[in-house]
Structure formats: structure tokens, C-alpha cells
Amino acid sequence: TDADHLRMKAATDFVTRIYEETSYGRVSLSYEFLPKQYWITMSKTAAQYRLPENIPQYNKTFLVEDAFALADAAINFGSYDGIALTTGYATRISGGQGFPGVSFQTKDGIAKGVSLELGNSSGNALVMAHELGHSLFGLEDLYVFLNPSRPSVPDPVPAGSWDMMSDSARGFFGWSKFLNGWLDGQQVRCLNNQSVSVHYLESLEISNKEPKLLLINLQEGVTIGIEFRQHPNYFVRGVLVYKVDSRINHGDGPITAQTELLAEGKSLDIDGWRISAVTEGVDGMLVKVEKIG
């Protein structure tokens, strides 16, 4: 409906701002909405697609393939960096899915960077931004898939609310930004055999060129990340400490973060290291790291 179109326009405007801010202006999104005559009615009902069941991690590739098969041949999907498919708003179904690294054959061109939003997730800016993290930037889910076939993990959201791929955040861990090239080499410090050192970390939300991310490599594939957060949505400014373990499967929680930020004068011991928030400044924090084990 026209109401869905307005809802989507507001959501995409918000997503555009989120990515511009969190990438420090390195990502510029421009959405194009196809005219109403190109909107399609699917060949099956939602029930036939099993959508009302809201099955966790239900692969909806077939739904995307059906949509492209029904799409008008005049649409050159291959001319876009990404394609977002969305249903009208509905309360009985929900969910989204990004398809990183997957290409779909269409009547005119290969569609890449595809994401899908359904039902009450349609027009939800945070869901759209999350799925875009998959489809365009190749980022993985940081929450635990609640599926019997997965190992039992005590905390369903081990990365907390600090990253868009975890739980409704408007930004990303410094680690995710580094992977995408939004932080350059001079903004990332990596410890190399120092037993004690002090570092100034500028707020992750500021677009200046000061160091923003401190990394301690524990072993191959396992790294501690340290950054300073001061987003207005956070009640306390402080140092965020988290551990990235690339040996943990997608869907089993590869990043584990502390729940609370370290305020000035506070410290945290993790994997033989003590992380201390020494002195808070206007836009950052002096952080001391020392090996204790």
C-alpha cells in the first residue's frame, strides 16, 4: 500500500543516516524505489511459504528466487549494488534475511547484495540496517541461533547491545568497522610483546583520526578488543572490552562483550590481562593495559 511505501521511505532515510554516521562518511547509500506498476503479488500464500510459523533461521532463498521470477523483465537488477525485497506490513509474520556472497539470476542481470524483510519487520529501519550488514558488508550474526541443532550457549546475546549484528544497536564494534575499512591503520593499535602500556582511545562515535581501537591478540584467531563509547543512548561513558574468537561458528556467538562500560578508575581482568580506565577526557579515555598472567 501507499502507507507501506511511506514507511519504507522513512526507514531507508534512517538507514542511510546510520551508515553514513557509523562509517564516518565512507558509506553513502542511495535507495531507488520501483514504481508501483512493478510491485508484484507472490504466487503462493504466506502459509504456503510457511512464513507465519516464524521458524528460527528458516532459509528463505526460494522466496527470493520466486520474487525475481515474477519481476518485470524491464528491471535491470544487475545495475544495483544491492537489492532490498520487502513485503507489505503484516503482524502475523516477521523476520529478515541477508544473502552475503549469493547472486540471483534475474530476467535482466545478476542480482547481488540481496536482503529480505517480511511482515512486521518491513519498514523497520534497524532490521533493514542489520540485513544490509549481511548482504553488502558480509558481517555475520553475533547473537546465538536458538536452534536445537546448535550447541547450547548460556547467553543468547553474548555480544550485548553494542553492535548492529547483535541486538538493535545503531553502530558497530570497532572490530567490525576495521574489517570494513572504516578505521584505517593509524586508528588501530595492536600490542606486540608489551607487558604494560598506556593508550589514548578516542570515542568510537567521533570521526577524527585519533586511535579508536586497541587489540590484544591472545592466540591465532582470538583477540581482545578495547574501545571508548560515548553514544547518547549509553547511560555511562566508558571503555568497552570484548573478545573476538573466530574459531566459534557463525550463530554460536563469536564475540563476547562486557555488559557494563568501564568508567574512570575502574578495571577489568580478562584472559591474563588487566584493562584499566585511567583518565577520562572530553572525547576519549586514557587506557592502561598490563599483563597479569
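Is Lys209 buried, partly exposed or exposed, and at what relative accessibility? In the predicted model examined here, Lys209 has a relative accessibility of 42% and therefore counts as partly exposed, given that the partly exposed class lies between the buried limit of 20% and the exposed limit of 50%. The side chain of Lys209 meets that of Asp184 in a salt bridge, with a distance of 2.9 Å from N to O.

Side chains of opposite charge can pair when their charged atoms come close. Asp4 is buried, with a relative accessible area of 15%, whereas Arg7, at 32%, counts as partly exposed.

Aromatic contacts were considered next. A pair of aromatic rings is described by the distance of the centres and the angle of the planes. A search of the whole structure finds 12 aromatic pairs. The rings of Tyr19 and Phe172 have centres 5.9 Å apart and planes at 50 degrees, so this pair is classed as tilted. The pair links distant parts of the chain, with Tyr19 in helix α1 (residues 2-22) and Phe172 in the loop between α3 (residues 125-135) and α4 (residues 174-179), 153 residues apart. Tyr19 and Phe172 are both buried. Phe137 and Trp182 form an edge-to-face pair, for which the distance from centre to centre is 5.4 Å and the angle between the planes is 80 degrees. Here too distant parts of the chain are linked, because Phe137 is located in the loop between α3 and α4 and Trp182 in the loop between α4 and β6 (residues 188-190), at a separation of 45 residues. Phe137 and Trp182 are both buried, and ring pairs link Tyr19, Phe137, Phe172 and Trp182 into a cluster.

The loop between α1 and α2 contains Arg50, Asn54 and Tyr58. The charged end of Arg50 sits over the ring of Tyr58, at 5.8 Å from the ring centre. Arg50 is partly exposed, with a relative accessible area of 39%, while Tyr58 counts as buried at 17% relative accessibility. Although Arg50 is not a glycine, its phi is positive, at about 65 degrees. A positive phi, near 50 degrees, is also found for Asn54, another residue other than glycine, and Asn54 counts as partly exposed at 36% relative accessibility. The C-alpha atom of Tyr58 is separated by 9.0 Å from that of Gln97, a residue 39 positions away along the chain.

The largest pocket has a volume of about 1500 Å³ and is lined by 49 residues, of which Ile83, Ala84, Leu85, Thr86 and Thr87 lie nearest its centre. Two or more lining residues are contributed by each of α1, α2 (residues 61-70), β1 (residues 83-86) and β5 (residues 114-119). By class, this lining comprises 31 nonpolar, 13 polar and 5 charged residues.

The second largest pocket has a volume of about 960 Å³. Its lining is made up of 38 residues, and those closest to the centre are Gln57, Gly96, Glu131, Asp141 and Tyr143. At least two lining residues are supplied by each of β2 (residues 94-99) and α3. The lining of the second largest pocket divides into 17 nonpolar, 15 polar and 6 charged residues.

Technical notes
Residues numbered from 1 in each chain as written. Predicted model: local features only at pLDDT ≥ 70, side-chain atom pairs only at ≥ 80, totals over all residues. Heavy atoms only, no water. Phe/Tyr/Trp six-rings, centres within 6.5 Å; stacked < 30°, edge-to-face > 60°. Helix = DSSP H or I, 4+ residues; strand = E, 2+ residues; numbered from the N terminus. Buried < 20%, exposed > 50% of the residue type's maximum accessible area, 1.4 Å probe, protein only. Lys NZ or Arg CZ within 6 Å of the ring centre and 35° of its normal. 1 Å grid on protein atoms, 1.4 Å probe; cavity = no way out; pocket = protein on both sides within 12 Å on 5 of 7 lines; lining within 4 Å. Points joined across faces, edges and corners; volume = space filled by probe spheres on them. Nonpolar A, V, L, I, M, F, W, Y, C, P; charged D, E, K, R; others polar. Salt bridge = Lys/Arg side-chain N within 4 Å of Asp/Glu carboxyl O.
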